[in-house]
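Please read it alongside the sequence and the structure.

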Amino acid sequence: MAELAALEDPKTRAVNERHGDDHGVNLGKLRALAKRLKTQQELACRLWETGDTAARLLATLICRPKAFGRDELDVMLRSACTPKVHDWLVNYVVKKNPYAEELRLTWSTDPDPAVASAGWALTTERVAKKPEGLDLARLLDTIEAEMKDAPDRLQWAMNQCLAQIGIEHAEHRTRAIDIGERLQVLKDYPTSPGCTSPFAPAWITEMVRRKQGT
């Protein structure tokens, strides 16, 4: 904790706080620290228990993802109060855990939009890597009905799923683009030069173009 405190930078904190993350540790330096520590499950658990954002981010990098139980991960997600901790927990820990599919199903319909967004993030992972058994048409039905009015974090996760369906599954591409065009979600999202817009029709079109090499 003292080493993390020494890495704290006021300018970094100011930038992070604009995105809802209450820490001032440069993520490159945090990853370097994690690389030096290597995997240490007990230390990871102790770091998580501090509740400190930087400590929790470090915990997701040095833990053993498969060592956590289902209920343990559920409690951890619900206590992940900042966007970055939430994202890293889902991407670096839950996705590699044997209970990921069970948690996906449970979280996707949770009344807490932050928890539901984790379920949608896991669904997007399956759309891309293991779509067998998923009802993609039904997912598009849900997105079409609910994404427009969803809270920001949940809306973002549903939009990612919409784009992934359009990118990976040609038979659903026209409908995915049509849904994006009609809902206009993230159409005006500020995008840096050279970066792909998160607006689903533009995102789908660009990624398909890259895949096809045109």
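Buried means under 20% relative accessible area, exposed means over 50%, and partly exposed lies in between (1.4 Å probe, protein chains only). By these cut-offs Arg13 is partly exposed, with a relative accessible area of 27%. This is a predicted model: local features need pLDDT of at least 70, side-chain atom pairs count only at pLDDT 80 or more, and totals for chains, interfaces and linings use all residues. Residues are numbered from 1 along each chain as its sequence is written, and side-chain values use heavy atoms, with hydrogens and water left out.

- Lys38 is not a glycine, yet its phi is positive, near 60 degrees.
- Lys38 sits in the loop between α3 (27–37) and α4 (41–49); helices here are DSSP runs (H or I, at least four residues), numbered from the N terminus.
- Lys38 is exposed, at 58% relative accessible area.
- Leu186, also no glycine, has a positive phi of about 65 degrees.
- The loop between α12 (173–183) and α13 (200–212) holds Leu186.
- Leu186 counts as buried, at 16% relative accessibility.

**A buried glutamine**

- Gln164 belongs to helix α11 (residues 152–168).
- Its relative accessible area is 16%, so Gln164 is buried.
- Contact means heavy atoms within 4.5 Å.
- Neighbours within four places in sequence aside, Gln164 is in contact with Thr124, Val127, Ala128 and His169.

**Salt bridges**

- A salt bridge is a side-chain nitrogen of Lys or Arg within 4 Å of a carboxyl oxygen of Asp or Glu.
- The structure has 18 salt bridges.
- Arg13 pairs with Glu8 in one of them, with the closest N and O atoms 2.5 Å apart.
- Glu8 is partly exposed, at 33% relative accessibility.
- Arg126 and Glu101 form a salt bridge through their side chains, at 3.0 Å from N to O.
- That pair links distant parts of the chain: Arg126 lies in helix α9 (residues 113–129) and Glu101 in helix α8 (residues 100–108), 25 residues apart.
- Arg126 is buried, at 15% relative accessible area, whereas Glu101 is partly exposed, at 30%.
- Lys129 forms a salt bridge with Glu125, and the closest N and O atoms are 3.3 Å apart.
- Lys129 and Glu125 are separated by about one helical turn because they are four residues apart in helix α9.
- Lys129 is exposed, at 64% relative accessible area, while Glu125 counts as partly exposed, at 25%.

Terms used: Helices (H or I, at least four residues) and strands (E, at least two) are DSSP runs, numbered from the N terminus.
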